[in-house]
Amino acid sequence: MSSVAVVDYGIGNVFSVCNALRKIGAEPLLTRDPGALLAADRVILPGVGAFSSAMSNLRRYALDTVIADFIATGRPFLGVCIGMQLLMERSTEFGLHDGLGLIRGTVDRIPAVADDGHPLRVPHIAWSEVHATDALQGGWQAATFDGARHYYFVHSYMARPDDPSHLLAVARYGGHQITAAVRKENVTGVQFHPERSGPEGLRLLSNFVNASGG
Amino acid sequence: MSVRLIARLDIKMSNLIKGVQMEGWRKMGDPADRARKYYAEGADELLYMDVVASLYERNNLVDIVRDVATDAFVPMTVGGGIDSLEAAKALLDVGADKVAVNTAATKRPSLLNEISDTYGSQALVLSVEAKALPSGGWTAMTDNGRNHTGRDVLAWVEEAATRGVGEFLITSIDRDGVGRGADLDLVSAVTDAVDVPVIAAGGLASAEHVREAVARGVSAVAIAKALHTDALSLIDLRQELARTGTSVRPFAMEEAPGV
């Protein structure tokens with residue numbers, strides 16, 4: 001099995017992500033060392049909490065440029081939850097904040113009103129059904145989102161990619177379309193928590209870790 | 001949206017315990033073993049409460065949470081005695097996804113803002129022990145119904161919602177361990193009062209009880225005694241809910257790699 005590094009930047013759920021990777025037989029390296037990250041076969045960027053504090057931690061450790069360099073190698077990269085939102089150009093959470101800008105689009109608050117006019121409970125905390133879009137073509141992602149799959153979501157903001165070809169999978173909440181997964185070349189992001197999504201989540205991580213390409 | 005079926009484990013020292021109306025605790029087994037069993041049977045979430053933590057001024061669950069987190073991959077909420085950012089961090093660092101706060105927040109509500117601002121509202125659950133008043137309404141209690149806070153439940157949840165709470169766990173003391181279903185008037189009043197998800201607890205022991213609570217707007221239910229006594233299994237409950245038209249997560253453990 002190839003090596004997988006998990007970016008350690010002082011933000012949340014790294015413990016759970018590493019536990020889940022061990023469960024599927026991987027040996028995760030939790031690190032913020034640029035050399036170790038650039039040498040890895042694949043990298044996972046986890047994260048929970050606020051977008052701006054996650055982004056400022058990445059910058060504090062100069063990991064924004066390390067991540068960009070890793071992605072330029074063409075090797076597989078996976079962002080989870082805030083780690084997915086950081087891939088976008090900007091977020092409107094607590095003011096306007098720049099992200100990594102690897103995928104064009106914005107992170108916005110989930111509307112507090114359902115499409116039928118009723119109030120909608122936010123955060124969206126649920127096991128929601130995820131479906132692929134027409135943009136899904138091949139790769140470990142196609143092997144993962146190969147039908148209706150349920151994953152655990154907990155978030156108040158969601159990514160809105162500008163280019164529909166980057167929108168890989170969606171869920172629905174209160175009648176709204178929720179971005180579940182994005183992809184641009186070797187960069188994939190998932191809004192839900194595979195490390196907290198039981199057998200389905202482990203299956204996704206296993207597909208990512210064992211993928212032959214991005 | 002699918003209702004979340006949460007297995008609730010009340011823990012005293014190293015024992016899983018359960019009482020009736022939060023009194024007369026009996027030992028119900030090893031909490032880590034039970035947590036693994038509920039994960040294997042498809043619990044959508046695990047909720048651990050250290051029921052003596054506020055009394056002893058420390059949460060005793062770090063070791064159990066760390067242990068279970070190595071092989072249970074669903075969200076975990078941990079409560080009991082969390083009175084500071086440091087206490088919250090100790091649990092979040094070993095695999096808890098959310099902390100549930102009660103006693104300390106009733107004394108110092110700004111603790112809610114501190115945890116929410118630092119870890120996000122998605123990591124903060126307010127646990128409310130509600131006791132019905134003869135005069136109507138509900139009063140918020142702490143320490144398993146022993147101590148009065150003087151707070152009206154609805155006023156308290158409305159205030160807490162403004163302080164960044166991401167989810168409310170509402171336990172009816174009157175219904176706890178009784179197995180006759182949730183206090184539906186309480187559930188309705190709270191789901192009307194706040195616009196974040198609400199978890200109903202206390203007395204839920206059947207698919208019918210879950211259905212009633214969902215009809216009153218809850219996003220999740222927490223079940224304890226009916227699971228611990230094996231009177232109800234999560235597998236049967238999920239099947240029965242699906243069969244009768246309540247949306248639940250489809251579940252099949254055999255798909256898991258590494259198990």
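The contact between the two chains takes 32 residues from chain A and 32 residues from chain B, where two residues count as in contact if their C-beta atoms, placed from the backbone, lie within 7 Å. On the chain A side, the elements giving two or more residues are α1, β8 (124-132), β9 and α7. Helix α7(A) makes the largest share of that side, with 7 residues. By class, the chain A side has 17 nonpolar, 9 polar and 6 charged residues; here Ala, Val, Leu, Ile, Met, Phe, Trp, Tyr, Cys and Pro count as nonpolar, Asp, Glu, Lys and Arg as charged, and the others, Gly among them, as polar.

A quick word on the ground rules: this is a predicted model, where local features need pLDDT of at least 70, side-chain atom pairs count only at pLDDT 80 or more, and totals for chains, interfaces and linings use all residues. Residues are numbered from 1 along each chain as its sequence is written, while chains are lettered from A and ligands numbered from 1 in the order in which they are written.

**Chain A as a whole**

- Chain A has 7 helices and 13 strands; helices (H or I, at least four residues) and strands (E, at least two) are DSSP runs, numbered from the N terminus.
- Its radius of gyration is 16 Å, close to the 17 Å that the globule rule gives for 214 residues, so chain A is as compact as a globular protein of that length. That radius is taken over C-alpha atoms, and the rule is 2.2 Å times the number of residues to the power 0.38.
- Along its principal axes, the C-alpha trace of chain A spans about 50 × 35 × 30 Å.
- Buried residues make up 56% of the 214 residues in chain A. A residue is buried if 20 or more other C-beta atoms lie within 10 Å of its own, exposed if 12 or fewer, and partly exposed in between, with C-beta atoms placed from the backbone.
- Take the contacts in chain A between residues at least 6 apart in sequence: 69% of them join residues at least 24 apart.

**Helix α7 of chain A**

- Back to the helix from the contact: α7(A) covers residues 198-209, so to speak 12 residues, and reaches 17 Å from its first C-alpha to its last, close to the 16 Å expected. The expected span is 1.5 Å times one less than the number of residues.
- α7(A) is mostly covered, with 11 of its 12 residues buried; among them are Leu202(A), Leu205(A) and Phe208(A).
- What covers those buried residues includes β1 (4-7), α1 (14-23), β3 (42-45) and β9 (149-155) of chain A.

**The sheets of chain A**

- One open sheet of 9 strands runs in the order β2-β1-β3-β4-β13-β12-β11-β8-β9, with mixed pairing. Two strands pair if DSSP finds at least two bridges between them.
- β2 (29-31) and β9 of chain A stand at the edges of that sheet, each with a single partner strand, so one side of each is left without a neighbour in the sheet.
- Inside that order, β12(A) (residues 176-184) and β13(A) (residues 187-190) run antiparallel, joined by 4 bridges, and Lys184(A) stands opposite Val187(A).
- α1(A) lies across β1, β2, β3 and β4 of chain A, running at about 170 degrees to β1(A). Axes are lines fitted to C-alpha atoms, for helices over the stretch in contact, and angles run from 0 to 180 degrees between N-to-C directions.
- Another open sheet has 4 strands in the order β6-β5-β7-β10, again with mixed pairing; its edge strands are β6 (97-98) and β10 (157-161), each pairing on one side only.
- 5 bridges join β7(A) (residues 103-109) to β10(A), and the two run antiparallel.

**Over in chain B**

- In β1(B) (residues 4-12), 8 of the 9 residues are buried, so the strand is largely enclosed by the rest of the structure.
- β1(B) runs parallel to β4(B) (residues 45-50) over 6 bridges, with Asp10(B) opposite Met49(B).
- β1(B) also pairs with β2(B) (residues 15-20), in the antiparallel sense, over 3 bridges. Their hairpin has 2 residues between the strands, and Met13(B) takes a positive phi near 55 degrees there.
- Val20(B) sits in β2(B) and is partly exposed, with 14 other C-beta atoms within 10 Å.
- Val20(B) touches Asp176(B), Gly177(B) and Val178(B), not counting residues up to four places away in sequence.
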